[in-house]
Amino acid sequence: MPPLLLEAENLTVTYGSYAALKKVNFSVFEGEIVAIVGPNGAGKTTFLETVAGLLKPKEGSLKFRDRNITKLGPFQRRKMGLMLIPQEGNLFPSMPVKENLQLGAFFQNKRSTEEILNRVYRIFPKLQDRTRQLAGTLSGGEQRMLAIGMGIAANVKALMIDELSLGLAPKVVGSLLSILRDLRDETGITIVLSEQSIKALDIADRVYGLEAGEIRFTERAQQLDRDLIKSLYLGA
Amino acid sequence: MVLQGLITGIIIGGILSLPVMGVALIYGVTGILNYAIATIGTFGAFTTWLLLPYGLWPAILAGLLTSFVIGFGIQQFLLNPLIKKKGNDLTLFFIITFGIATIVAGLTKNFFPRPTISIELPKLGTLFIADVAVDINKVIAIAIAFSILLIMRFLEKTTKTGKSWIATSQNLKMAKLVGINVEFVYSLVSGIGHILGFIGAFFWGVLYNLTVNTGWDLCFLGYIIAIVGGIGNVWGGMISALIMGVVISFAGYWLGGMWQSVALYVILFAILIVAPKGILGSERSV
């Protein structure tokens with residue numbers, strides 16, 4: 001068993017009197033791909049934003065690489081190797097593609113930034129053709145590529161991606177997912193995906209089911225009854 | 001006389017553009033309408049004046065550092081914790097910075113031996129533009145105002161810090177997620193904005209008289225100019241400052257001093273009706 005990388009214990013997050021997350025327990029091992037599935041409003045985004053440090057939990061604790069990070073700010077968590085790509089607003093729209101990627105690689109020095117950008121361009125050749133184009137003028141699919149490219153450029157231990165497939169054609173989703181799996185196989189990066197699409201289960205090792213702010217189940221991906229999940233959680 | 005008025009206007013506009021750029025920079029990055037910039041800058045300029053016997057450059061450096069430290073400190077220790085607790089409430093922060101301006105203006109009054117000062121720079125000579133004589137110090141003031149704009153653009157393009165503040169102004173959430181310490185960026189930008197306020201007040205003290213109330217006047221004019229230029233837009237602020245400087249100058253010549261502010265307001269209202277976001281539009285979108 002690889003070591004534990006990320007652990008949430010009894011995580012409760014509230015918006016006013018409304019509890020968006022209720023005593024959530026969650027763990028990810030190094031090198032794993034974990035998918036969080038659940039319907040709209042289940043609390044997936046709240047969970048990921050709390051782990052990234054954008055939201056403060058009311059109760060509970062977060063551990064990353066054996067360190068309690070509950071009180072750390074987002075940039076400190078990012079520095080430790082944890083990064084979230086949010087589902088929308090994940091680009092700097094008036095900056096060119098290249099500067100977006102450079103900001104993704106914020107903690108790398110100049111030399112390794114160049115190397116890392118070349119790696120991103122190998123994965124997404126389309127981005128290389130558009131290094132000077134403003135991010136806000138890319139198409140929806142290209143914008144998602146750029147956002148994931150920023151995540152890859154970050155060169156982190158754990159990459160969290162909120163709703164990877166939102167608004168994308170199934171074919172594009174399929175290719176993005178296999179890119180992520182290859183990335184994990186090559187670099188050993190840990191990936192957490194939140195998804196409304198059943199396709200994410202293709203690459204996940206383990207799946208958490210989240211509904212109404214509570215974890216309903218956790219299961220190895222191969223052992224899941226997909227049709228059941230689909231009808232129960234994904235509203236398909 | 002038209003040329004004379006134009007030159008005077010450009011000089012006034014150039015000096016006014018400094019606090020305006022400070023306002024624009026701070027608002028663009030932090031979303032706070034800071035009303036204290038010019039008042040704190042005036043405090044810094046008084047500091048420079050007080051220390052002039054110890055040499056011009058050390059005195060300028062001291063005024064500049066004073067303004068930076070106050071601007072940085074207010075953001076770091078008062079405004080950042082408040083943003084964390086209360087979120088970014090435009091009116092609240094406007095009132096708070098107004099309060100800070102009041103306190104600093106009071107300090108300026110009590111701390112320095114004179115309420116009205118004039119900063120004497122060594123005379124560098126006179127430049128003739130057509131038939132109009134212009135003091136070289138005035139030309140330097142304008143040159144500095146323009147070069148600051150260019151320096152800022154250069155920093156934004158080439159340094160990590162500059163990119164951080166642009167990124168923060170474009171997408172706060174993503175700036176945090178890529179690893180930018182946005183609170184530090186806020187404080188730094190606030191410090192730089194206050195330096196611009198200082199340079200503006202300093203030149204005001206060189207060319208005219210600086211009083212404890214100059215800070216208020218500069219803030220007030222600064223805001224009208226910033227709104228006309230498109231608040232948060234540094235280029236818009238610069239252009240607007242030059243236009244408004246010329247308006248002030250000609251209103252003074254043709255209509256008399258009491259009509260200067262009326263002319264400014266008329267233009268403000270007209271611009272707001274024609275272009276609600278100012279001549280170059282507001283840059284802040286988050």
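Student: Which residues touch the most other members of the largest nonpolar core?
Tutor: This is a predicted model, and in it that core has 160 residues. Phe26(A), Phe47(A), Phe92(A), Phe124(A), Leu193(A) and Ile180(B) are the ones touching the most other members.

Student: Ok, take Phe47(A). What does it touch?
Tutor: Leaving out residues up to four places away in sequence, Phe47(A) touches Ala8(A), Leu11(A), Leu21(A), Val24(A), Phe26(A) and Ile36(A).

Student: Let's switch to Glu49(A). Where does it lie?
Tutor: Glu49(A) is in helix H1 of chain A, which covers residues 44-52.

Student: Is Glu49(A) buried or exposed, and why?
Tutor: Buried, because its relative accessible area is 12%, and the cut-off for buried is under 20%.

Student: So which residues does Glu49(A) touch?
Tutor: Not counting residues up to four places away in sequence, Glu49(A) touches Leu54(A), Leu55(A) and Leu84(A), plus Lys173(B) from chain B.

Student: Speaking of chain B, how many residues does each chain bring to the contact with the other?
Tutor: Chain B gives 17 residues and chain A gives 25 residues. Together they bury about 1,800 Å², with 66% of it on carbon and sulfur atoms.

Student: Which three residues of chain B supply more of its buried area than any other three?
Tutor: Met174(B), Leu177(B) and Val178(B), which supply 32% of the area that chain B buries against chain A.

Student: New topic: how do helices H3 and H6 of chain A cross?
Tutor: H3(A) is residues 97-104 and H6(A) is residues 140-153. Their axes come within 7 Å and cross at roughly 40°. The crossing is right-handed.

Student: Which residues meet there?
Tutor: From H3(A), Val97(A), Asn100(A), Leu101(A) and Gly104(A) meet Leu146(A), Gly149(A), Met150(A) and Ala153(A) of H6(A). By class, that contact has 5 nonpolar and 3 polar residues, with no charged ones.

Student: Last one, Val69(B). Which helix is it in, and what are its residues?
Tutor: Val69(B) lies in helix H3 of chain B, residues 56-86.

Student: Buried or exposed, and why?
Tutor: Val69(B) is exposed, because its relative accessible area is 53% and exposed means over 50%.

Student: How many residues separate Val69(B) from Ile225(B), and what's the gap in space?
Tutor: Val69(B) and Ile225(B) are 156 residues apart in sequence, and 26 Å apart in space from C-alpha to C-alpha.

Technical notes: Residues numbered from 1 in each chain as written. Chains lettered and ligands numbered in written order. Predicted model: local features only at pLDDT ≥ 70, side-chain atom pairs only at ≥ 80, totals over all residues. Heavy atoms only, no water. Axes fitted to C-alpha atoms, helices over the stretch in contact; angles between N-to-C directions. Helix = DSSP H or I, 4+ residues; strand = E, 2+ residues; numbered from the N terminus. Left-handed = near helix turned anticlockwise from the far one by under 90°. Contact = heavy atoms within 4.5 Å. Nonpolar A, V, L, I, M, F, W, Y, C, P; charged D, E, K, R; others polar. Core = buried A, V, L, I, M, F, W, Y, C linked by side-chain atoms within 4.5 Å. Buried < 20%, exposed > 50% of the residue type's maximum accessible area, 1.4 Å probe, protein only. Buried area = accessible area lost by both parts, 1.4 Å probe.
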